[in-house]
Amino acid sequence: MGGIRVRTGIQVKGISKKIGDQQLLEDVDITCLCKSITGIIGRNGSGKTVLLKCICGLLKPDKGNIYILEKSGNEEALRLGSIGALIEIPSFLSNYSGLKNLELLYGIHNRVNRKYLKEIMLSVGLDPEKRKAVKKYSIGMKQRLGIAQAIMEKQEIVILDEPMNGLDIEGVQQIKQLLIQLKNEGRTILLVSHNHEDIEELCDAVYEMSMGKVEQKK
């Protein structure tokens, strides 16, 4: 008898990407199962961020296929509706507070619920009652706000590029607990980091990336 089939959240099949003379991705294969945390570890310049941009539809691979929730990932509407992402340094309206930024972003596709957005801010360790402008935020605070933005619309897939950057020890532990909570709620998480310890602790599957190539480690 066969086991229970687990649905695939993200499947990357043989994608390659070259810009100019630089081969950024080469025949990359990755599978992220639903309701799990998949990690990608690698040094700066290994191709991690380029891969995430391809998955999110921000870059088009030269060859290969990407499937989101077992459907072709080439449809922009599918990606926008299924993926919440934090890639590179988050960008916000610097003169507004963190809460106001979330309200504006959330309001593009949803009816604004201030109570819910305040809960999201608290979950990442930010005080929603403070009216400090984002331009006065520390790097860590901006990172927390970026994570809040990535999870607030409850997309089934969450992609986070170096989410622990700029966080102190307490902040790292808080975000780790949040990621585990999201997984337990049924979200599918793709986590990219250069920190082996964070990846090994959190992830059900681990890939290592180097010079545009990927090898599964766990």
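How many salt bridges does the count come to by the rule used here? The count comes to eleven salt bridges. A salt bridge here is a side-chain nitrogen of Lys or Arg within 4 Å of a carboxyl oxygen of Asp or Glu.

1. Ground rules. This is a predicted model, in which local features need pLDDT of at least 70, side-chain atom pairs count only at pLDDT 80 or more, and totals for chains, interfaces and linings use all residues. Residues are numbered from 1 along each chain as its sequence is written, and side-chain values use heavy atoms, with hydrogens and water left out.

2. The bridge from Glu156 to Arg7. These two side chains meet in a salt bridge, with 3.1 Å from N to O. The pair links distant parts of the chain, 149 residues apart. Glu156 sits in the loop between H5 and strand E7 (157–161), and Arg7 in the segment before strand E1 (8–19). Helices (H or I, at least four residues) and strands (E, at least two) are DSSP runs, numbered from the N terminus. Glu156 is partly exposed, at 27% relative accessible area. Arg7 is partly exposed too, at 38%.

3. The bridge from Lys183 to Asp204. The closest N and O atoms of this salt bridge are 2.9 Å apart. Lys183 belongs to helix H6 (residues 169–184), while Asp204 is in the loop between helix H7 (196–202) and strand E9 (205–210), so the bridge ties together parts 21 residues apart in sequence. Lys183 has a relative accessible area of 23% and is partly exposed. Asp204, at 37%, is also partly exposed.

4. Lys217 and Glu215 form a salt bridge, their closest N and O atoms 3.6 Å apart. Lys217 counts as partly exposed at 47% relative accessibility. Glu215 counts as partly exposed at 48%.

5. A pocket is found on a 1 Å grid over the protein atoms alone: it is an open set of points where a 1.4 Å probe fits, with protein on both sides within 12 Å along at least five of seven lines. Lining residues have an atom within 4 Å of a point. Of the 19 lining residues, Thr49, Glu88, Asp161, Glu162 and Asn165 are the closest to the centre of the second largest pocket. Strand E2 (22–33), helix H1 (48–55) and helix H5 (139–151) each give two or more residues to this lining. By class, the lining has five nonpolar, eight polar and six charged residues. Nonpolar covers Ala, Val, Leu, Ile, Met, Phe, Trp, Tyr, Cys and Pro; charged covers Asp, Glu, Lys and Arg; the others, Gly among them, are polar.

6. Helix H1 and what follows. Is H1 mostly covered or mostly exposed? It is mostly covered, with six of its eight residues buried. The buried ones are Lys48, Val50, Leu51, Leu52, Cys54 and Ile55. Pro61 is in the loop between H1 and strand E4 (63–68). Pro61 counts as buried at 17% relative accessibility. Its C-alpha atom is separated by 9.5 Å from that of Val50, eleven residues apart along the chain.

7. A nonpolar surface patch. Leu93, Tyr96 and Leu104 make a patch of about 270 Å². Such patches take residues with over 30% relative accessible area and no salt bridge; nonpolar side chains (Val, Leu, Ile, Met, Phe, Trp, Tyr) are joined within 5 Å, and like charges within 9 Å. Accessible areas come from the Shrake-Rupley method with a 1.4 Å probe; for residues, only the protein chains shown count as cover. Tyr96 lies in the loop between strand E6 (83–86) and helix H3 (98–106). Tyr96 is partly exposed, at 41%.

8. Two exposed loop residues. Gly20, in the loop between E1 and E2, is exposed at 62% relative accessible area. Gly20 and Leu104 are 37 Å apart, C-alpha to C-alpha, and 84 residues apart in sequence. Glu129 lies in the loop between helix H4 (114–123) and H5, and is exposed at 53%.

Notes:
Buried < 20%, exposed > 50% of the residue type's maximum accessible area, 1.4 Å probe, protein only.
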